Amino acid sequence: MATKCGKCGPGYPSPLEAMKGPREELVYLPCIYRNTGIEAPDYLATVDVNPKSPQYSQVIEPKEIHAKCDLGYLHTSHCLASGEVMISSLGDPKGNGKGGFVLLDGETFEVKGTWERPGGAAPMGYDFWYQPRHNVMISTEWAAPNVLQDGFNPTDVEAGLYGQRLHVWDWQRRERVQTLTMQDGLIPLEIRFLHNPAADQGFVGCALGSNIQRFYKNQGGTWSVEKVIQVPSKKVKGWILPEMPSLITDILLSLDDRFLYFSNWLHGDLRQYDISDPKRPRLVGQIFLGGSIVKGGPVQVLEDQELKCQPEPLVVKGKQVAGGPQMIQLSLDGTRLYVTTSLYSAWDKQFYPDLIREGSVMLQIDVDTVRGGLKLNPNFLVDFGKEPLGPALAHELRYPGGDCSSDIWL
């Protein structure tokens, strides 16, 4: 963990020690109003997740977010051992593709400049993860903001405007040394090294490719990537295309590197894989949480390689959930999984218009860490459709003291 950024946190010496930490009591979520028709600023919501609290599963503190600079479509942030904060970028301020990285002072959060050498940004950007023990950082790419910000257009895929590469960076020299083009790897979004700081491999979720790919270090010091999980598309009627991809939008790994979780935002299911053998992940848990193929919806499934029938709509505490599972966060001990349902407001409006009218939700899933398995907690629902200024779109989930998808051990 970072010297300055993490000095107020618990500072666990290893991922396995972090699993012994106290149960989470608060979750932070950025909530979005852009492109929803509501004239209100985005804000940061604090949600009470302590089951002993009278405010359990409620928003207890919204804080307005003010933009301090115009740096261009920022996404992932990580603390560095130097005490600095590093943030990836999807593009430049005009919306053109640019996979660069901004450095902030870890105490003042003032902009210090770019991490990469001048002129060394990748053509596109999105997420990143670094591993100093192997002197490497690997970044992913979505698309230029001007391509994705108004919704998904299939012709943009045919035109090659969406990413399908991983960029390998020399951590010390701060420059790209290798680019990996993935087979069937369209739109690689979230990337995760194994948490073990000595690990030389990890996984990336390819959204439009609907697959998980494993990247790994070769004996000669170069890096390679291979597909290890494929979610089959469904032949459908009543949708924008004759085949519907699952659209894997978020992935994470348990701190003991035993389980991989990912969300299929369009199909509507959340999956748990045993990755004791990283080359051969094994499905051990699956749960449907809404999605585009529920019974009674506009989409009819004509051919499905996995399901015998379309899943039932999800109703929690009397509310039918709109959207599908999207951002996920796991408790440190690995027994609770939190889920939100909004991807990106323009894409929400296109694929799940009910999200714009009703707002997103936050759910909690109980995890079987012995045999594998996922079960909905029927008593937990955060309904962002009831926010004072109108329905909001909740996104990424973070804990105050660090979590499974933000902490990197050195």
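**Entry 1: what I am looking at.** I note at the start that this is a predicted model.

**Entry 2: the open sheet.** I looked for a sheet and found an open one built from 4 strands. Their order is β4-β5-β6-β7, and the pairing is antiparallel. Which strands sit at the edges? I found β4 (74-79) and β7 (111-114) there, each pairing on one side only. Then I checked one pairing more carefully. Strand β4 is joined to β5 (residues 85-89) by 4 bridges, and the two run antiparallel. Within this pairing, Ser-77 has Ile-87 of β5 as its bridge partner. I reminded myself that strands of a sheet pair through backbone hydrogen bonds, either parallel or antiparallel.

**Entry 3: strand β10.** I moved on to β10, residues 165-170. Is this strand largely enclosed or open? I found 5 of its 6 residues buried, so β10 is largely enclosed by the rest of the structure. Next I looked up its partners. Strand β9 (residues 136-139) pairs with β10 in the antiparallel sense, over 4 bridges. There, Met-137 stands opposite Trp-169. Strand β11 (residues 175-181) also pairs with β10 in the antiparallel sense, over 6 bridges. Here Asp-170 stands opposite Glu-175. The hairpin of β10 and β11 has 4 residues between the strands. In that hairpin, Arg-174 takes a positive phi near 60°.

**Entry 4: Gln-213.** Gln-213 belongs to strand β14 (residues 211-217). Its relative accessibility is 1%, so Gln-213 counts as buried, the limit being under 20%. What does its side chain reach at 2.9 Å? I found the backbone oxygen of Gln-183. The side chain of Gln-213 also makes a polar contact with the side chain of Asn-211, at 3.2 Å. I then set aside the neighbours within four places in sequence and listed the contacts of Gln-213. Among them are Met-182, Asp-184, Phe-203, Cys-206, Val-225 and Lys-227.

**Entry 5: salt bridges.** I looked up the count, which comes to 26 salt bridges. I followed three of these pairs.

- Lys-20 and Glu-17 meet through their side chains, 3.1 Å from N to O. Lys-20 counts as exposed at 64% relative accessibility, and Glu-17 is partly exposed with 34%.
- Lys-235 forms a salt bridge with Glu-303, with the closest N and O atoms 3.7 Å apart. Lys-235 lies in β16 (residues 234-237) and Glu-303 in β22 (residues 300-303), so the pair ties together parts that are 68 residues apart in sequence. Lys-235 is partly exposed at 36%, and Glu-303 is partly exposed at 43%.
- Asp-269 and Arg-271 meet at 2.7 Å, N to O. Are these two residues buried or exposed? I found both Asp-269 and Arg-271 buried.

I also noted a network: salt bridges that share partners join Asp-127, Glu-190, Arg-192 and Asp-250.

**Entry 6: aromatic rings.** My search of the whole structure gave 26 aromatic pairs. I returned to Trp-169 and found its ring paired with that of Phe-101. The centres are 5.4 Å apart and the planes stand at 85°, so this pair is edge-to-face. Phe-101 lies in β6 (residues 101-104) and Trp-169 in β10, so the pair ties together parts that are 68 residues apart in sequence. Both Phe-101 and Trp-169 are buried.

Trp-142 and Tyr-344 form another edge-to-face pair, at 6.1 Å centre to centre with 75° between the planes. How many residues apart in sequence are the parts tied together by this pair? I found 202: Trp-142 lies in the loop between β9 and α2, and Tyr-344 in the loop between β26 and α4. Trp-142 counts as buried at 6%, whereas Tyr-344 is partly exposed at 25%.

Last, I noted a cluster linked by ring pairs. It includes Tyr-126, Trp-142, Phe-152, Trp-239, Tyr-344 and Trp-347.

Notes: Residues are numbered from 1 along each chain as its sequence is written. This is a predicted model: local features need pLDDT of at least 70, side-chain atom pairs count only at pLDDT 80 or more; totals for chains, interfaces and linings use all residues. Side-chain values use heavy atoms; hydrogens and water are left out. Buried means under 20% relative accessible area, exposed over 50%, partly exposed in between (1.4 Å probe, protein chains only). Two strands pair if DSSP finds at least two bridges between them. A polar contact is a pair of N or O atoms within 3.5 Å; within protein, one must be able to donate a hydrogen and the other to accept it, and residues adjacent in sequence count only if both atoms are side-chain atoms. Contact means heavy atoms within 4.5 Å. A salt bridge is a side-chain nitrogen of Lys or Arg within 4 Å of a carboxyl oxygen of Asp or Glu. Rings of Phe, Tyr and Trp (its six-membered ring) pair if their centres lie within 6.5 Å; planes under 30 degrees apart count as stacked, over 60 as edge-to-face and the rest as tilted.
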